[in-house]
Amino acid sequence: MRRQSDDAMTLYRFVMMIPRWWLLLMVVPALADEGIFDQYRDLMGDDNPAIFVIEEGEEFWVQSQGPSAATLEACDLGLGTGVTRGAYAQFPRYFADTDRVMDIETRLLYCMETLQGRDREVIAAKPYSLRGDFGTELEALVTWLAAESEGMTIAPEQAHPKERAMYAMGEEIFFYRAGPHDFSCATCHEQSNKRIRLQQLPNLTEHTEVAEAYGSWPAYRMSQGLVRTMGWRLQDCFRQQRWPGLIFGSEVSIALQTYMAVNAAGGVMTAPGLKR
Amino acid sequence: MNDTTKGRVSRRRLLNWAAALGALMALPARAWATVSRPETAFDATALDQALMALGQTPTRHEGVIFTTPDIAENGAVVPIRVEVDQTVLPNVSKVSVLVEMNPNPLAAVFDIAPGTEVYIETRVKVAQTGNLYAVVESDGQLFMASRETKVTLGGCGG
Amino acid sequence: MAGRIKIRAQKKGELTEVKALMRHPMETGMRKDQAGESIPAHFITEVAVLHGDQTVMQAHWGAAVSANPFLGVRFQGGQAGDAVRVVWTDNQGGTGEGETTIR
């Protein structure tokens with residue numbers, strides 16, 4: 001018994017020590033290797049496979065699906081029924097018909113459910129591609145909708161009290177330390193010129209950097225051969241932080257997206273991007 | 001049709017190409033593959049094995065201009081370019097790209113028609129840091145250039 | 001989904017430059033999916049670039065060519081308005097085709 005608690009004490013001390021020194025190793029100040037991948041990107045050129053996914057997304061939009069055999073063309077993304085041009089750039093936003101703030105993905109699910117009669121649980125069970133997949137319907141729709149906002153100003157709505165409350169929640173979560181490593185989003189994303197291995201970490205509290213980061217999602221991820229959304233990006237961050245899994249369509253996800261979108265407001269949508 | 005409209009390509013050569021392609025396209029995919037695909041070279045699991053299957057050990061030649069990034073953002077997509085300076089290395093009919101540290105080093109073989117500039121751009125998978133090779137065939141001889149490309153481990157997201 | 005090709009063909013001096021992006025998973029056959037099952041090899045094995053009815057380049061590819069493959073080539077001649085085609089076949093008998101005109 002005594003031995004166990006000694007071990008536990010040692011382990012506890014060790015675990016408590018981890019975050020500090022690991023952070024020193026992991027979040028290394030960026031060296032003067034700014035542009036280390038410039039040569040790589042120059043050689044890559046402009047051809048982004050996301051262009052296929054844009055087309056696929058548009059096809060899903062006009063495809064009759066579900067028990068109602070309806071398309072998504074009557075979906076209201078905040079700018080009126082069926083208006084897709086510029087809609088993505090104003091998310092997340094409050095919708096009167098659901099009396100809540102929604103991100104683009106939860107809004108799409110709502111339209112699939114109400115217009116097409118589809119089961120939201122089925123779609124929410126697997127919204128994102130898994131290993132071996134080549135893209136999901138949701139990823140394609142988000143890619144197309146982002147392209148419909150390409151070049152436009154990031155302008156999430158913040159007029160409604162629930163929208164502002166969502167921002168406040170997002171900010172709180174952003175700085176909230178938790179999990180076995182005591183990480184918060186801020187641990188990696190509150191300072192400029194930091195990187196993990198050779199990947200730059202955008203400072204999501206600084207306007208120019210968060211605008212560039214937020215505006216470039218969804219993006220074709222070369223290492224995965226498919227387009228990933230901002231919702232997926234957050235889910236993956238949670239996994240990497242060793243936090244509990246981020247539930248698809250949850251308020252936490254919407255709150256963090258609101259926080260970033262508002263910080264990015266005024267910036268330009270460049271999505272779909274091309275990323276590692 | 002007279003020869004002058006085809007430039008340097010002789011009518012007979014052109015008809016051979018067209019007939020070959022027509023025949024290849026008409027065949028079931030598997031048949032096309034076995035007609036001219038260097039299967040042994042593609043199956044080779046070591047660089048020298050692949051090179052021998054392509055013909056011989058190539059000699060370096062400055063006429064082969066091979067561009068790869070010094071360091072790749074990820075190993076799944078590595079852009080490369082192969083050009084040939086035809087003033088010092090003419091009659092190039094074939095370009096092969098090999099990635100030494102891949103399970104099967106031979107990635108691609110390009111047959112260039114006469115009259116086509118030798119200029120190939122593509123993107124290949126590079127399993128880990130190592131040498132990439134551009135091997136060209138000119139009048140039955142193999143010449144090459146090589147470059148090392150570093151492949152990084154991912155940091156996180158982004 | 002499979003079979004789509006985006007092609008651009010432009011004059012560059014006396015040369016024509018063709019850039020093609022193809023929709024294809026280029027699966028090596030060495031990966032396992034989420035359930036631990038092997039994902040079958042599925043990759044373009046032959047691809048050709050044609051200017052009119054003339055093949056300017058024909059290639060044999062292995063699975064090491066990146067997913068959603070890119071191909072850039074240049075050839076002598078070609079006039080604005082000429083047709084340029086890219087065609088491919090894969091190891092599962094699938095085919096793809098795309099066409100554009102030179103600008």
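Q: Two strands pair if DSSP finds at least two bridges between them. What makes β1 (residues 59-60) and β9 (residues 141-151) of chain B a pair?
A: In this predicted model, two bridges join strands β1 and β9 of chain B, in the parallel sense. The cut-off is at least two bridges, so the strands count as paired. Within β9(B), Met144(B) is the bridge partner of Arg60(B).

Q: What other strands of chain B are joined to β9(B) by bridges, and in which sense?
A: Strand β3 (residues 71-72) of chain B runs parallel to β9(B), with two bridges between them; here Ala72(B) has Val151(B) as its partner. Strand β8 (residues 130-138) of chain B runs antiparallel to β9(B), and nine bridges join them. One of the residue pairs is Tyr133(B) with Ser146(B).

Q: What lies between β8(B) and β9(B)?
A: Two residues separate the strands, which form a hairpin. In the turn, Asp139(B) has a positive phi of about 50°.

Q: Why are β2 of chain B and β1 of chain C called edge strands?
A: The sheet is open and has six strands, in the order β2(B)-β4(B)-β7(B)-β5(C)-β2(C)-β1(C), with antiparallel pairing. Its edge strands, β2 (64-67) of chain B and β1 (5-12) of chain C, each pair on one side only. On average, neighbouring strands in this sheet are turned by 15° against each other, direction ignored.

Q: How do you know that β4 (residues 78-84) and β7 (residues 119-124) of chain B pair within that sheet?
A: Six bridges join β4 and β7 of chain B, which run antiparallel. Val78(B), for example, has Val124(B) as its bridge partner in β7(B).

Q: How do you know that chains B and C touch?
A: Contact requires C-beta atoms within 7 Å, and by that test 28 residues of chain C are in contact with 34 residues of chain B. On the chain C side, β3 (44-51), β4 (54-61) and β5 (70-76) each give two or more residues. The most come from β4(C), which gives eight. By class, this side of chain C has 13 nonpolar, 12 polar and three charged residues.

Q: Which strand of chain B is joined by bridges to β4(C)?
A: Strand β6 (residues 106-112) of chain B runs antiparallel to β4(C), with five bridges between them. Val109(B) stands opposite His60(C) there.

Q: How many residues of chain A are in contact with chain C?
A: There are 10 such residues in chain A, and they meet 14 residues of chain C. The chain A side divides into five nonpolar, two polar and three charged residues.

Q: Why is Glu97(C) called exposed?
A: Glu97(C) has 11 C-beta neighbours inside 10 Å. A residue with 12 or fewer is exposed, so Glu97(C) falls in that class. Glu97(C) is part of strand β7 (residues 95-101) of chain C. Beyond four places in sequence, Glu97(C) is in contact with Gly3(C), Ile5(C), Arg85(C) and Val87(C).

Q: What makes helix α6 (residues 137-147) of chain A mostly covered?
A: Of its 11 residues, 10 are buried. A buried residue has 20 or more other C-beta atoms within 10 Å of its own. Among the buried residues of α6(A) are Leu141(A), Trp144(A) and Leu145(A). The buried residues pack against α3 (50-61), α4 (104-116), α5 (120-125) and β7 (226-228) of chain A.

Q: Why are α7(A) and α11(A) called roughly perpendicular?
A: Helices α7 (residues 161-174) and α11 (residues 251-264) of chain A pack at about 95°, with their axes 7 Å apart. Angles of 65 to 115 degrees count as roughly perpendicular, and the two helices are therefore described in this way. The residues that meet include Met166(A) and Phe174(A) in α7(A), and Val252(A) and Tyr259(A) in α11(A). By class, this contact has 11 nonpolar, two polar and one charged residue.

Q: How confident is the predictor about chain B?
A: On a scale from 0 to 100, chain B has a mean pLDDT of 83, and 75% of its residues reach 70 or more. Over residues 1-9 of chain B, pLDDT stays under 50. Residues 26-35 of chain B also stay under 50.

How values were computed. Residues are numbered from 1 along each chain as its sequence is written. Chains are lettered from A and ligands numbered from 1 in the order in which they are written. This is a predicted model: local features need pLDDT of at least 70, side-chain atom pairs count only at pLDDT 80 or more; totals for chains, interfaces and linings use all residues. Two residues are in contact if their C-beta atoms, placed from the backbone, lie within 7 Å. Helices (H or I, at least four residues) and strands (E, at least two) are DSSP runs, numbered from the N terminus. Ala, Val, Leu, Ile, Met, Phe, Trp, Tyr, Cys and Pro count as nonpolar, Asp, Glu, Lys and Arg as charged, and the others, Gly among them, as polar. Axes are lines fitted to C-alpha atoms, for helices over the stretch in contact, and angles run from 0 to 180 degrees between N-to-C directions. Angles under 35 degrees count as roughly parallel, over 145 as roughly antiparallel, 65 to 115 as roughly perpendicular and the rest as oblique.
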